[in-house]
Amino acid sequence: MIIVTGASGHLGRLVVESLLKKVPAREVAAVVRDPDKAKDLAARGVEVRRGDYARPETLGAAVAGADKLLLVSSNEVGQRATQHAAVVQAAKAAGVKLLAYTSILHADTSRLALAAEHLATEVAIRASGLPHVFLRNGWYLENYTESLAPVLQHGAKVGSAQGGRVAAAARVDYAEAAAAVLAGKAERAVYELAGDQPFTMAELAAEVARQAGKPIAYVDLPPDQYRAVLIGAGLPAAFADILVDADVQAAKGDLDDATGDLRRLIGRPTTTLAAAVSAALGR
Ligand SMILES: NC(=O)c1ccc[n+]([C@@H]2O[C@H](COP(=O)([O-])OP(=O)(O)OC[C@H]3O[C@@H](n4cnc5c(N)ncnc54)[C@H](OP(=O)(O)O)[C@@H]3O)[C@@H](O)[C@H]2O)c1
């Protein structure tokens, strides 16, 4: 039995989709907070189980019988280390034979503020003694392509990443990598997963301009000014801080990577920036 948590989210759902191409549905279970969100998976023969990272008492039944468990990291920033530790504890009690975890690129050296909770989770997983795989996911292309509307509206992409390169890949690429590890044999304990063709924010703006057929500039701002723009656009301050910090660390190279782990794991090139922009613009 392969069990995927966070299966009602974007990535978890794609992992389940990818697994269903590799193994029978009866060998896959999806852990979600709200089973109503996973009715479609249940209709396809996937066992849907209720499990809430924040309610440890729900986790034993959620992961029972798992040979392999994918812990998809929570989106509740600030509570994740505690939530994930509860899942690790449940996995240990259930005697899971492989625990895979969606971590962050270069978790052990990354200066991104987001990396701290991922590193804490990796430490907890190592301490559990469970056989494990860290799927250290880089930035999603969708982080950019799902927020193109203001870029198109203003003819500008703003940020603080300077000339830093971001080795982003599509969620579907990371999902296929997770499914490959879960349905196959994990050859390593740590994979650094990132896109084949890192790009700068100026290159991102140029690609959107090319496809949209209108001028779009990359405007690099000091971090405090970028933060003010994000808050002015209605983002909660805590989320703005995360985005600004990611850009500041990207300027130092912390979202870049050249390992090629993702391409090798999925057996194909990763999704290109051009393809992601094209899909987002409906071209
Ligand atoms: N690499 C990147 O660029 C990047 C970007 C954004 C996020 N991430 C990380 O990658 C993860 C997966 O990405 P995504 O795009 O799939 O995010 P997402 O769509 O927000 O999915 C997050 C999933 O976590 C589940 N979750 C949150 N709190 C939970 C709890 N207390 N108990 C059980 N499940 C809980 C959510 O359940 P519900 O469906 O019930 O809400 C959802 O299924 C995120 O959670 C975040 O840690 C990475």
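Predicted model: local features only at pLDDT ≥ 70, side-chain atom pairs only at ≥ 80, totals over all residues.
Local features require pLDDT of at least 70 and side-chain atom pairs pLDDT 80 or more, whereas totals for chains, interfaces and linings use all residues. Residues are numbered from 1 along each chain as its sequence is written, and side-chain values use heavy atoms, with hydrogens and water left out.

Strand 6 spans residues 132-137; strands (E, at least two residues) and helices (H or I, at least four) are DSSP runs numbered from the N terminus. Six of its six residues are buried, so strand 6 is largely enclosed by the rest of the structure. Buried here means under 20% relative accessible area, calculated with a 1.4 Å probe on protein chains only. The burial extends to both faces: His132, Phe134 and Arg136 lie on one side, and Val133, Leu135 and Asn137 on the other.

Strand 6 pairs with strand 5 (residues 98-104) in the parallel sense over six bridges, where pairing requires at least two DSSP bridges between the strands. Within this pair, Thr102 stands opposite Leu135. The chain passes from strand 5 through helix 5 (residues 115-128) to strand 6 in a right-handed β-α-β crossover, that is, the path over the helix runs clockwise from the first strand to the second when the strands point away from the viewer. Strand 6 also runs parallel to strand 8 (residues 190-193), joined by four bridges, and Asn137 stands opposite Leu193.

Ser110 is located in the loop between strand 5 and helix 5. Ser110 counts as buried because its relative accessibility is 14%. Leaving aside residues up to four places away in sequence, Ser110 touches Leu105, Ala115 and Asp254, contact meaning heavy atoms within 4.5 Å.

Methods. Buried < 20%, exposed > 50% of the residue type's maximum accessible area, 1.4 Å probe, protein only.
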